[in-house]
Amino acid sequence: KLSAAREARAREERHAAERSFELTLGKAASIRFSAFICHRDTWRLADSWARKRSTYRPPAASEVLEFPNDMRVIPVFGLNLVTFLSATWDIGISQSANAADNAVAGRVFTAITEAVNSASPEYMNGTAVMPIVIDTAR
């Protein structure tokens, strides 16, 4: 009985997480302009995950701001934000992803989710660029 109760609770938690994820995706779809602020290595991983999706349109190299401390500011337009959310969600629930990918994907997912869920109207109507801080300079 205890095992069945645990399984039922785990199913409920998964269902609640999926509903929350779907709501966040809907909000992300309404954000027209955002920018990732992250380390070069984080960007390389996130970009590689997104490139596996047909909806992804990578930014031009000239659009990426590079700083001497290996930090980057990367423009993320429209549907790309949804693509990054979906890619990192899928890695997080994947049984085959390695621990390093899971850790980085979790960090990227959390940063995007927190930014999207606290987005103010100027980000939703496209009058401002929403910063999404994934990494900070050391």
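**Exercises on a predicted model**

By class, the residues lining the largest pocket comprise 6 nonpolar, no polar and 6 charged. The structure is a predicted model, in which local features need pLDDT of at least 70 and side-chain atom pairs count only at pLDDT 80 or more, while totals for chains, interfaces and linings use all residues. Residues are numbered from 1 along each chain as its sequence is written, and side-chain values use heavy atoms, with hydrogens and water left out.

**Exercise 1.** Determine which residues line the largest pocket and which helix gives the most to the lining.

*Solution.* 
Step 1. A pocket is an open set of points on a 1 Å grid over the protein atoms alone, where a 1.4 Å probe fits, with protein on both sides within 12 Å along at least five of seven lines; lining residues have an atom within 4 Å of a point.
Step 2. The lining consists of Arg40, Trp43, Arg44, Asp47, Arg51, Pro58, Pro59, Ala60, Ala61, Val64, Glu66 and Arg72.
Step 3. Helix H2 (residues 40-50) gives the most, with 4 residues; helices are DSSP runs of H or I with at least four residues, strands are runs of E with at least two, and both are numbered from the N terminus.

**Exercise 2.** Identify the residues with the most contacts inside the largest nonpolar core, and list what Phe84 touches.

*Solution.* 
Step 1. A nonpolar core is a set of buried Ala, Val, Leu, Ile, Met, Phe, Trp, Tyr and Cys residues joined through side-chain atoms within 4.5 Å.
Step 2. The largest such core has 33 residues, and Phe36, Leu81, Phe84, Ile112, Met130 and Ile132 have the most contacts inside it.
Step 3. H4 supplies the largest share of this core, 8 residues.
Step 4. Not counting residues up to four places away in sequence, Phe84 touches Phe36, Trp43, Ala46, Asp47, Ala50, Tyr56, Val76 and Ile112, where contact means heavy atoms within 4.5 Å.

Conventions. Nonpolar A, V, L, I, M, F, W, Y, C, P; charged D, E, K, R; others polar. Buried < 20%, exposed > 50% of the residue type's maximum accessible area, 1.4 Å probe, protein only.
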